2 protein chains.
Amino acid sequence: MAVDMQSAGEADLIRPVQRAAPLRQAVYESMVELVVSGRLNPGEHLVETDLARQLGVSRQPVREALHRLQAEGWVDLRPNQGAFVHEPTDNEVDQLLDARELLEMETARLAARSADAEAAARLRAICHEGEAAVKAGDTEVFITANNRFHAALAEVAGNAVLAELSAIVGRRMRWYYRLAAPLRGETSCAEHLELIDAIAAGDEKRAAKAARQHTERTRVAYHRTVQS
Amino acid sequence: MAVDMQSAGEADLIRPVQRAAPLRQAVYESMVELVVSGRLNPGEHLVETDLARQLGVSRQPVREALHRLQAEGWVDLRPNQGAFVHEPTDNEVDQLLDARELLEMETARLAARSADAEAAARLRAICHEGEAAVKAGDTEVFITANNRFHAALAEVAGNAVLAELSAIVGRRMRWYYRLAAPLRGETSCAEHLELIDAIAAGDEKRAAKAARQHTERTRVAYHRTVQS
DNA sequence: CTAGCGTATTTTGGATACAAAGGACCTATG
DNA sequence: CATAGGTCCTTTGTATCCAAAATACGCTAG
């Protein structure tokens with residue numbers, strides 16, 4: 001199991017992080033990338049020492065990153081045994097989507113209540129960025145724009161707690177979402193625009209409905225993806 | 001500002017943690033206790049070195065505890081400046097309660113759908129423990145039982161994500177809840193029992209309504225408390 | 001006397017070193 | 001030959017040490 005790590009053999013597997021000022025942040029992002037990209041397999045045991053060597057930093061930032069990754073559901077931390085890459089399940093996806101639906105519907109309702117022309121314009125701008133990314137075929141940028149959209153929506157709704165919970169669910173969704181994103185990009189933006197229209201009109205019911213449908217379609221897209 | 005910390009002068013301010021196996025856990029619990037009890041004032045700057053000395057451990061466990069405390073909303077961590085005790089606001093309480101209402105209603109609905117006699121009995125048992133604590137006047141035990149009740153409810157509902165989100169909100173509520181708890185203890189258990197009845201009957205609507213009313217009454221109790 | 005700058009101290013961020021717990025492998029015995 | 005025990009090695013958990021950043025103070029110049 002434990003491959004022989006010769007001094008030269010591993011160098012290009014994982015690129016050392018750029019030593020910018022906030023090292024933890026860089027390490028954290030590198031590790032998210034490693035997990036999301038699938039270079040680390042679900043269930044795999046992450047050894048702090050190895051990660052530190054490969055990333056070119058000490059164990060300290062790695063540890064802190066691992067703790068944060070646990071809080072966000074990327075890895076599972078067992079006492080005295082270290083970190084294991086979280087194993088995603090279809091059941092978990094459905095639970096995440098249930099939670100997301102609940103949170104997004106309420107967020108949409110609150111946003112519609114605040115009904116602000118300037119806010120609607122801001123949301124539309126982000127939405128169009130996502131569209132552009134889809135046209136360019138850049139999934140990663142699209143997902144980022146998507147997250148920004150949901151974050152902005154939560155801000156408009158004006159409940160910071162709700163926004164944070166949405167963010168937690170959103171981060172966890174990323175794992176699965178990147179599977180379904182390519183199928184959804186085209187229609188997702190249209191659904192966002194419909195949601196924005198409802199919010200701009202101050203129509204709470206319509207906004208909630210749009211949010212629900214958006215989530216449900218994401219669910220269908222995911223299930224269709226994993227079946228293939 | 002910085003009091004003169006003579007070797008003997010500080011010893012009994014904060015009791016050193018019992019050096020049980022999981023040191024982090026002990027440090028974390030000690031610090032929650034320090035924040036909740038009010039011995040550390042909101043906005044106060046927590047210096048890692050001082051905490052470490054006073055708790056009788058090194059800075060490392062303290063740092064990890066601080067990160068966890070941040071994730072749970074007890075402290076705010078500013079880059080290169082360290083930890084500051086979170087300053088609670090009335091606005092935040094309302095937002096937390098809004099989120100709690102949303103989550104609890106859905107949890108109650110799902111729990112009612114699962115409708116299981118054995119589960120209802122388990123919930124009732126926890127509820128009665130809380131009642132006993134109220135009668136004994138032990139607020140701390142009551143709050144613990146209360147949290148256990150909500151956790152058990154989430155488990156019955158069968159959505160782990162929802163349960164975790166509820167737990168996050170519940171932990172944050174603790175700060176405020178301990179203010180309102182003394183006023184609520186008596187009626188809170190009765191409301192829980194009404195909720196359990198609705199769940200046992202499989203009546204989703206009634207369960208959701210009970211959950212909503214329970215949250216709303218907590219809100220009223222809190223606002224009444226802080227006004228005095 | 002006040003405002004701006006430079007230095008010094010404090011405190012966090014990161015690296016290294018040490019101790020303890022867990023798991024794997026090997027051996028000896030029934 | 002299978003199993004139980006023990007030892008060794010790997011890996012985490014904790015402590016100490018060094019460097020970099022931020023703040024606060026004091027000094028000087030206007």
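Colleague: How many helices and strands does chain A have?
Modeller: This is a predicted model, and the secondary structure of chain A comes to 8 helices and 3 strands.

Colleague: And what pattern does chain A follow along the sequence?
Modeller: Reading along chain A, you get α-β-α-α-β-β-α-α-α-α-α. The C-alpha atoms of chain A fill a box of roughly 65 × 40 × 35 Å along the principal axes.

Colleague: Helix α7 of chain A has 41 residues, so how far apart are its end C-alpha atoms?
Modeller: Only 20 Å, whereas a straight helix would reach 60 Å at 1.5 Å a residue. That helix covers residues 160–200 of chain A.

Colleague: OK, where does α7(A) bend?
Modeller: At A:R184, by about 75°.

Colleague: What goes on at the start of α7(A)?
Modeller: A side-chain oxygen of A:N159 reaches to within 3.0 Å of the backbone nitrogen of A:V161. Just after the helix, A:G202 takes a positive phi of about 75°.

Colleague: Switching topic to the pair of chains. What rotation superposes chain B on chain A?
Modeller: A rotation of 180°, with 0.1 Å of shift along its axis, and the RMSD is 0.1 Å. That's the relation of a two-fold axis.

Colleague: Through which surface do the copies meet?
Modeller: They meet through the same surface, because 100% of the interface residues of chain B are also interface residues in chain A.

Colleague: How many residues does the contact take from each chain?
Modeller: Chain B gives 22 residues and chain A gives 23 residues. Between them the two chains bury about 2,000 Å², with 57% of that on carbon and sulfur atoms.

Colleague: Which three residues supply more than any other three of the area chain B buries against chain A?
Modeller: B:Q95, B:L102 and B:V161, which supply 27% of that area.

Colleague: What about charges: how many salt bridges are there between chain B and chain A?
Modeller: The count is 4. In one salt bridge, the side chains of A:E64 and B:R63 meet at 3.1 Å, N to O.

Colleague: And how many residue pairs are in polar contact across the interface?
Modeller: The rule finds 13 residue pairs between chain B and chain A, both residues being at pLDDT 80 or more.

Colleague: Which helices of chain B each supply at least two residues of the side that touches chain A?
Modeller: They're α3 (59–71), α4 (90–114) and α7 (160–200) of chain B.

Colleague: Which element gives the most there?
Modeller: α7(B), with 8 residues on the side of chain B that touches chain A.

Methods. Residues numbered from 1 in each chain as written. Chains lettered and ligands numbered in written order. Predicted model: local features only at pLDDT ≥ 70, side-chain atom pairs only at ≥ 80, totals over all residues. Heavy atoms only, no water. Least-squares fit on C-alpha atoms with pLDDT ≥ 70 in both. Contact = heavy atoms within 4.5 Å. Helix = DSSP H or I, 4+ residues; strand = E, 2+ residues; numbered from the N terminus. Expected span 1.5 Å × (residues − 1). Bend = angle between axes of the 7 residues up to and from the residue. Polar contact = N/O pair within 3.5 Å; in protein donor to acceptor, adjacent residues only side chain to side chain. Buried area = accessible area lost by both parts, 1.4 Å probe.
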